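Open the model in your viewer and keep the selection tool at hand. The tour goes from one selection to the next and says what is there.

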Amino acid sequence: MKQLKLTGIIPATILPMKKDFTIDEDSLENYIKWLLKFRIGGLAINADTGEGPHLYPEERVRVIQIVSEIVKGKVPIISGLFASFTDQAIKLAIQAKEAGADAVLVFPPTAFRGPKATEVVYNYYKAIAEKADIPMVAFQLQEELGGLIFDEETLLKITEIEHVVALKEASFNAKVFVDTKRILDKAPRKISLLTGNDNFILESFILGADGALIGFGTIATDLQVEMFELVKKKEYEKAWEIYERLKPLIDVIFAPPVRDYRARLKEALVMLGVIEHAYVRPPLLPISDEEKRKIKEALKTAGLL
């Protein structure tokens, strides 16, 4: 397994689609080239933002191939891994690796839910590591969203696995984030802590995140890179100024119902001229003209439009 250190802003990318809801490969190419203009720490594709759960396995492979051909090793490519059982996860991880992914973001299967899941979680990651031999980003996700908040025993156990190189922390709870960092700080083996908390991005950086793997990272990317770098320099006042510019846009993109954030991000990227269309694959739905108006205003407030 090749060594991989994940830091900085890692956008969880959207997936441009045509009117018939097939992949718009030309628009995807232009979009990825646009993101590569910024000082990003990687690209997360086929994740929730990229409608990964709504794609056929062969479509996810195709997305990896396209992105890999464009990136050419400039930044790591992390592909979302959605599976229901261990053997399926292993096969999908191998497919991702062969298609050009540098790592997989392991979404929690339903078997992770409930108490005393340490052995279940550890065995799942361990099996993928041994059979697929690919770096993994573990995923701590708010339970209401179908995930699991790892207890200390589980977190320390999975950090023992050499292939687990980072944790995406998406509890959307500042206390849980801080508690998680404390646990990782005392682990014998260090892994990167990547915030997935779109509701407190800057605060996550100040609290010690090594970077961010987030859907919001796919827009205003240059500003978030600058914000992260300012925190590293301890220039907090300048970082807060950027965050204040971005906050109205964050609030609009992740307004209820949150499931529409993908369509909102796509509409924003259309307004910026980055992608051609904002189609989302059903059962997801397009947003209203009123929401589009709010997005445009928020883009203007952020100085992006």
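Select E29 and K33. At 31% relative accessibility, E29 counts as partly exposed, and K33, at 42%, is partly exposed as well; the term covers what lies between buried (under 20% relative accessible area) and exposed (over 50%), with a 1.4 Å probe and protein chains only. This is a predicted model, in which local features need pLDDT of at least 70 and side-chain atom pairs count only at pLDDT 80 or more, while totals for chains, interfaces and linings use all residues. Residues are numbered from 1 along each chain as its sequence is written, and side-chain values use heavy atoms, with hydrogens and water left out.

The side chains of E29 and K33 meet in a salt bridge, 2.9 Å from N to O. A salt bridge here is a side-chain nitrogen of Lys or Arg within 4 Å of a carboxyl oxygen of Asp or Glu. The two residues are four apart in helix 1, so about one helical turn separates them. Helices (H or I, at least four residues) and strands (E, at least two) are DSSP runs, numbered from the N terminus.

Next, select E25 and R62, which form a salt bridge of 3.1 Å, N to O. This pair links distant parts of the chain, with E25 in helix 1 (residues 25-35) and R62 in helix 2, 37 residues apart.

Then pick R39 and E229. Their closest N and O atoms are 2.8 Å apart, in another salt bridge. R39 lies in the loop between helix 1 and strand 2 (43-45) and E229 in helix 8, so the pair ties together parts 190 residues apart in sequence.

Now turn to the rings. The structure holds 11 aromatic pairs. Rings of Phe, Tyr and Trp (its six-membered ring) pair if their centres lie within 6.5 Å; planes under 30 degrees apart count as stacked, over 60 as edge-to-face and the rest as tilted. Select F177 and F200: the centres are 6.2 Å apart and the planes stand at 90°, so this pair is edge-to-face. F177 and F200 are both buried.

Move on to F216 and F254, a tilted pair with 6.5 Å between centres and 55° between planes. Both F216 and F254 are buried.

Last, select F82, F107 and F139, which ring pairs link into a cluster.
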